[in-house]
Amino acid sequence: MSKSVAFLSTLILLTCLSALSRAAPAQENVKDYGLRPYVRQSQALPHTENKAWTLVCELPYNCQFQPWIRLRTGAGQKLVFNSSNPLVQYLTPTESCITMAGVREYEAKNWVSGEGAIYTIPPGATVEAVQYRETGYDTAVAGAFECNDNDFNVLWKKAARTAYLCMRDHFYDCPDRERVGFWGDGTPELDQCFYIFDRRSDRLCKELVLRKLEPSFYPGQHLEFLGEYGLWFYYLQTGDLDSIAKVYEPTKQFLLDVYKPGNKNTWFDWGVDSKDTSVIENCFLYIDLGTLRKMAVATDHTADLPLIDARLASIKETFDKRFWKGGYYQSTDVVTPDDRANAMAVNSGLADRSKWQAIYANVLSKTTNSSCFFDRWVFEAMCKMGMPDKALLRMSTRYRTMIDCSFTTLWEHYDRWWASWLNAFDEGSSLNHGWNPPALLLSRTVAGIKPVEPGWGVFEVLPQEAFLQSIDVTIPSIKGSVKVQIRKTADRYSIQLTSPAKANAIVGIPRTSFTRLDKVTVNGKTFWPGEHQAMPNGVSEIGDGDGYVKFKLAPGRWRIEGFGAVILDSPKAPALKREPEVALDKHGWSVSASVPDGSFPFSGAKIPIDVSAQNAIDGDAWTGWRDMTKTQYPGQWFQVDMKRLQTFDKIVLDNTWALWDSPHRYAVTVSNDGSHWSDPIATGFGQLGISKIEFATQTARWFRITQTGADSTYHWSIYELNVYRSK
C-alpha cells in the first residue's frame with residue numbers, strides 16, 4: 001500500500017503541474033449563488049470553548065464553496081478555514097486569517113469543494129453564525145430522468161452533480177485534487193452537458209472543441225475525443241459547422257500524420273491493467289477516420305476523401321486477420337481478452353453482427369476490466385448488440401457502493417479501488433470525478449433520444465428500456481425541451497412525446513418489448529399494421545425495421561402506443577425510493593475508543609488528517625475515526641454516550657470514505673451506567689462502505705461496538721455513526 005500511495009502522490013504532483021500550465025484561472029461565466037445556511041453544524045451556536053476547537057458543518061451536496069463565519073473574539077488570533085475533503089489540500093492551500101477585535105465577519109478567498117466545511121476556532125472566540133458561499137459555472141440543470149427503479153434515478157442525479165462540479169473555467173477531471181483539462185475526461189463531460197444542463201453550457205463545450213491539440217499529452221485521449229464521441233457529438237447537438245470547419249485541418253493532421261500507433265503504453269483507461277491497446281487503438285482510429293470523412297464532406301474538403309478512405313480500408317481489411325481469435329478479439333499485448341477492446345470492436349462496426357453473441361458470451365458477460373470511464377463504451381456496445389438489460393445490470397452492480405452511499409457525487413474508481421498495476425484501495429482518488437457517464441447513458445441510450453441531423457432538426461426516440469417499466473425524460477436540446485414519457489403495462493406500451501418547434505421526430509415502438517405486437521396507434525388512431533392511402537397531418541412516414549415500428553412526426557404533442565403482450569419480467573427487483581430515516585440528534589453526545597485520538601498522513605503528500613473519535617458523530621461522512629495503530633484485531637471497541645436514556649433499534653456505521661475499513665466482525669452491547677454491559681444485542685459482519693446493524697428495540701444510555709474479527713490488511717474506521725428509532 002505504501003508504494004502505491006507514494007506512486008500516486010508523484011503522479012498527482014506531475015498532473016497538477018500539467019493542470020496549472022494548461023489552464024489559467026478565470027472567473028468568466030461563474031455564478032455567485034450568495035451565502036447559504038449549512039444543513040447541520042457539529043455544535044449549536046453560539047458556541048465557545050477555552051481551547052482551540054473545530055466546528056464541522058454539513059453542506060446539502062458536494063459543491064464549490066467558500067466558508068463564511070461571524071466571530072466574536074480578540075485581536076491577533078488565528079482562524080482557519082477548510083473543506084472536510086482532504087484532497088483539496090493537494091491544490092488549494094489551507095486558508096487562515098488573523099482576527100480583529102470585536103464581532104467580525106470572515107470569508108475564505110478561494111473556493112474549495114466538498115460536502116462539509118471545517119473551521120478551526122481559536123480559544124475564547126465565540127462563533128455566532130456560519131454560512132457558505134456557493135459558486136459555480138453559470139448554467140442550470142434543465143434535463144431530467146426518472147424511472148421506476150430508483151437505483152438509476154440516484155445515479156442520474158449524482159452524475160449531474162458530479163458533472164456540474166467539474167465545470168468552471170474549463171472542464172476538470174476533478175475539482176479537488178488537480179483540475180486538469182484532459183481530452184478523454186472532457187469527452188463524457190461535454191456529452192453529458194447536452195443531456196443535463198441548459199444551453200449556456202455550450203460555451204464550455206465549444207471551448208473544448210476549439211482547444212489546440214497537444215499530441216504529446218495523452219494522445220490516446222485525443223483519439224477518444226476526435227470522433228463520434230467528441231467532435232461529431234458536439235456537431236449533432238449544436239449544428240455548429242463553423243467550429244467543425246475550424247478544427248478540420250488540425251484533426252486531419254493529427255489523425256493522418258501526427259499520431260503514431262503501436263505504443264502499447266498509450267493511455268486509454270485506468271481499470272484493470274490488462275488493456276488491449278492495439279485493438280482499442282485501431283477501433284478509435286477507425287471511428288475517428290469515419291468522422292473525419294463526414295467532416296470533410298460537411299466542410300467541403302472532398303479532395304481528402306481518397307486518402308481517408310484508403311486509411312479506413314486498411315484498418316478494416318486487416319482487423320480480423322490481426323485480432324480475431326475465433327470467439328473474441330485479442331492482440332499480443334494481453335494474455336486474456338479485454339472487455340474494452342471487444343466493446344470498441346462492436347461500437348466501431350469492425351465486429352460484424354455474426355460475432356456479437358460470441359463476444360458477449362466469451363468476454364462482456366464475465367470481464368470487468370474497464371473503469372467507470374470506459375464502461376460507457378461497454379454499456380453502449382451491449383445496447384447495440386440488443387442487450388440493454390445486461391448493460392443496466394452491469395451498471396447497477398458496478399456502481400452499487402456509489403448508489404448506496406451518502407455522498408452526492410460519483411467517484412474516480414469503482415469501490416475506490418485503483419485496479420491498474422497498483423491493484424489496491426486508493427485513498428487519494430477523487431470522490432467527484434467527471435468521467436462518470438450514467439446521465440448520458442440513461443437519457444440518451446436507454447431512453448433512446450438523440451439527434452439524427454445536426455442541431456436537432458431531426459431526432460429519434462428509439463427506447464432500449466429493457467426491464468424498466470416507466471421512464472420520464474427531459475432533454476434540453478438546442479431547439480427547446482424534448483419531453484418523453486414511457487409506460488409499460490401487460491398489454492400496452494405507451495410513448496408520449498412533446499417536441500419543440502422545428503424539431504421533427506422519428507419515434508419507434510420496440511418489438512423486443514413484446515412477445516406479440518398486435519397494433520400501433522398514433523394519437524388514438526391505428527396506423528400499423530395495414531396500408532394507408534393518406535398520411536394524417538404531422539405523420540410523414542411509417543416504417544417497420546431494425547426492431548422498431550417507426551413513425552416520423554412533426555413538432556408537437558404525440559401519443560404512440562403499441563398493443564399486444566408486453567414483457568414485464570425483470571432480472572432485477574426495482575429499487576424503491578428510500579424514505580429518509582430520522583436519526584437521533586447527536587448534539588451533546590460523547591464518544592470514546594479503545595485507542596487514543598490520533599491522525600494519519602494522508603496519501604503520498606503526507607497531509608496530516610485528524611481521526612479523533614468525536615469525528616464519527618460530527619455529521620460529516622468525510623471526517624471520521626480510524627484506529628491507525630494497527631489493522632483490525634479482536635477487542636477493538638468504539639463507545640457512545642448518548643447522555644440520557646434513548647430508545648433505538650438500528651445503528652449505521654458509514655465508512656465510505658475509507659471504504660474497505662468496515663468491521664470484519666462485530667458485537668454490540670448496551671449499558672445504563674457505562675460500567676455494566678449487556679450480552680450482545682447484535683452480532684454480524686461489516687459490509688463494504690455501510691454496515692447496518694438492526695436489533696430488537698433497546699432503551700439505554702450507552703452502547704459499545706466491539707470488534708470480534710481480524711483483518712490483516714485494513715484498519716477499522718467509522719466515518720459517521722447514526723442511531724435510529726423506528727416510528
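**View 1. Four cavities of 30 Å³ or more are present in the structure.** The model is predicted; local features need pLDDT of at least 70, side-chain atom pairs count only at pLDDT 80 or more, and totals for chains, interfaces and linings use all residues. Residues are numbered from 1 along each chain as its sequence is written, and side-chain values use heavy atoms, with hydrogens and water left out. On a 1 Å grid over the protein atoms alone, a cavity is a set of points where a 1.4 Å probe fits but cannot get out. Points are joined across faces, edges and corners, and a volume is the space filled by probe spheres set on them.

**View 2. The second largest cavity holds about 80 Å³ of space.** Its lining (residues with an atom within 4 Å of a point) consists of Asp375, Arg376, Phe379, Met382, Ala391, Arg394, Met395, Tyr399, Tyr414, Pro437 and Leu441. The elements giving two or more residues to this lining are α12 and α13, and α12 supplies the largest share, four residues. Helices are DSSP runs of H or I with at least four residues, strands are runs of E with at least two, and both are numbered from the N terminus.

**View 3. The second largest pocket has a volume of about 1,600 Å³.** A pocket is an open set with protein on both sides within 12 Å along at least five of seven lines. Among the 49 lining residues, Glu380, Cys383, Lys384, Lys450 and Gln464 are the closest to the pocket centre. Elements giving two or more residues to the lining include α6 (231-238), α12 (375-384), β13 (449-451) and β22 (548-553). Five residues, the largest share of the pocket lining, come from α8.
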